[in-house]
Amino acid sequence: MQESNERRKATSSLFAGLDWLSTSVVLLNATGHVVFLNQAAEQMFGLSARTSVGQSFSRQFANTATVENLLNDASQNTFEQRRQEIVLERLNMDALSLICTASVVHSQVGFLMLEFSEIEQRAKLAHDEHMTELANANRELVRNLAHEIKNPLGGIRGAAQLLEEELPSAGQREYTQVIIKEAARLQALVDRLLAPHRRAPQRNLVNIHEVCERVRSVSLAQHPAGILFIRDYDASIPEFLGDREQLIQVLLNLVQNAIQAMHASGEIRLKTRVGRQLTIARKRCKLALELHVIDSGPGVPEEIRSRIFFPLVSGREGGSGLGLSLAQSFVQQSGGTIEFESAPGRTDFKVLLPMEFN
């Protein structure tokens with residue numbers, strides 16, 4: 001018995017790196033018994049690695065033939081790797097529609113490796129990856145344009161100031177003032193576009209609820225009437241390593257965007273939670289911060305939902321379209337992302353940020 005436990009520990013140590021994968025991985029021996037399963041598989045199937053190792057994997061499901069057929073085909077050398085869609089059903093659990101990649105493993109500790117991913121999750125990951133690539137390309141384009149615009153703007157403003165000194169009448173100087181003020185406005189816009197690229201994140205211990213209270217106080221000072229803030233905090237969230245100033249700016253941008261969408265009248269819920277075993281930017285995170293900004297506004301217009309994080313895209317007349325783009329850039333610099341769900345009366349922007357500690 002002791003020898004068996006030591007063997008299991010050695011196997012778990014050998015494959016510990018699989019725990020960081022976002023997909024569920026199960027390693028079976030030639031008889032179909034579990035040799036190893038990672039944390040994602042535990043979560044997906046509602047199994048415990050401690051009790052599952054040494055047990056028949058197919059018998060965990062109502063439709064045992066699905067896994068047994070894969071084992072039989074692999075034992076007869078009909079494939080080295082196979083990818084197929086399958087449905088697995090466990091007692092008292094919803095059926096899972098999955099993509100299974102089965103690979104024959106030529107080693108002493110395992111025979112068949114099964115990698116599972118939910119079909120909907122796979123489609124979502126592909127969509128998120130595509131949207132991230134588009135957003136990054138747009139940001140890079142805008143950043144390059146901003147650099148090209150910045151130097152001529154300074155020259156235009158300086159020339160207008162010199163010209164103003166030579167003009168004899170106040171009426172003529174009004175025209176140069178228009179040039180100077182518009183050049184200054186464009187300069188401020190360019191500075192905001194370049195803000196995420198000017199410094200790397202500063203990592204110090206951050207209390208997320210102190211950040212929330214800071215943003216709440218600032219927002220209430222700007223809009224003393226009409227906005228109701230609801231605190232929905234998980235008080236057990238510890239301090240974690242992050243950039244406090246960037247987090248304040250991210251949350252402030254999200255809250256200000258919500259206030260503007262509601263026309264300064266409505267309800268905003270600030271909600272904090274801890275996410276476990278999440279995949280963020282294609283990396284597996286054991287612990288992550290989930291920070292929600294939920295408003296009671298009209299929702300994100302359908303026509304801009306796929307482009308909401310692109311620079312210069314705004315659903316509000318007169319908006320710069322930079323708030324969400326800058327917030328996403330700051331969060332991505334720290335390895336996180338921002339997601340959203342929107343319907344009339346409820347829009348939820350969720351910041352997902354890996355939590356690291358000293």
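Strand β9 (residues 266–280) pairs with strand β10 (residues 283–295) in the antiparallel sense, over twelve bridges. Pairing requires at least two DSSP bridges between two strands. The structure is a predicted model, in which local features need pLDDT of at least 70 and side-chain atom pairs count only at pLDDT 80 or more, while totals for chains, interfaces and linings use all residues. Residues are numbered from 1 along each chain as its sequence is written, and side-chain values use heavy atoms, with hydrogens and water left out.

The chain has nine helices and twelve strands; these elements are DSSP runs numbered from the N terminus, with at least four residues of H or I for a helix and at least two of E for a strand. Of its 358 residues, 40% are buried (under 20% relative accessible area; exposed is over 50% and partly exposed lies in between, with a 1.4 Å probe and protein chains only). Among contacts (heavy atoms within 4.5 Å) between residues at least 6 apart in sequence, 61% join residues at least 24 apart.

The pair β9 and β10 belongs to an open sheet of five strands, whose order is β7-β9-β10-β12-β11 and whose pairing is mixed. β7 (227–232) and β11 (337–343) form its edges, each pairing on one side only. On average, neighbouring strands in this sheet are turned by 20° against each other, direction ignored; axes are lines fitted to C-alpha atoms, for helices over the stretch in contact, and angles run from 0 to 180 degrees between N-to-C directions.

Other strand pairs involve β5 (residues 112–118). Strand β1 (residues 24–28) pairs with β5 in the antiparallel sense over five bridges, and Ser-24 stands opposite Phe-116 of β5. Strand β4 (residues 96–104) also runs antiparallel to β5, to which seven bridges join it. In this pair, Ile-99 is bridged to Ser-117 of β5.

Helices α8 and α9 pack at an angle of about 150°, and their axes are 9 Å apart. The two helices are therefore roughly antiparallel to each other (over 145 degrees; under 35 counts as roughly parallel, 65 to 115 as roughly perpendicular and the rest as oblique). On the α8 side, Gln-246, Gln-249, Val-250, Asn-253, Leu-254 and Asn-257 meet Gly-323, Leu-324, Leu-326, Ala-327, Phe-330, Val-331 and Gln-333 of α9. Nine of the eleven residues of α9 are buried, so this helix is largely enclosed by the rest of the structure. Among these buried residues are Ser-325, Gln-328 and Ser-329. Gly-335, which follows α9, has a positive phi near 85°.

Two further helical positions were examined. Glu-42 lies in helix α2 (residues 39–45) and is partly exposed, with a relative accessible area of 24%. Beyond its neighbours within four places in sequence, Glu-42 is in contact with Leu-37, Leu-47, Ser-48 and Ala-49. The C-alpha atoms of Glu-42 and Val-25 are separated by 9.2 Å, with the two residues 17 apart along the chain. Ser-52, in helix α3 (residues 49–52), counts as buried at 5% relative accessibility. Apart from residues up to four places away in sequence, Ser-52 touches Val-34, Leu-37 and Leu-47.
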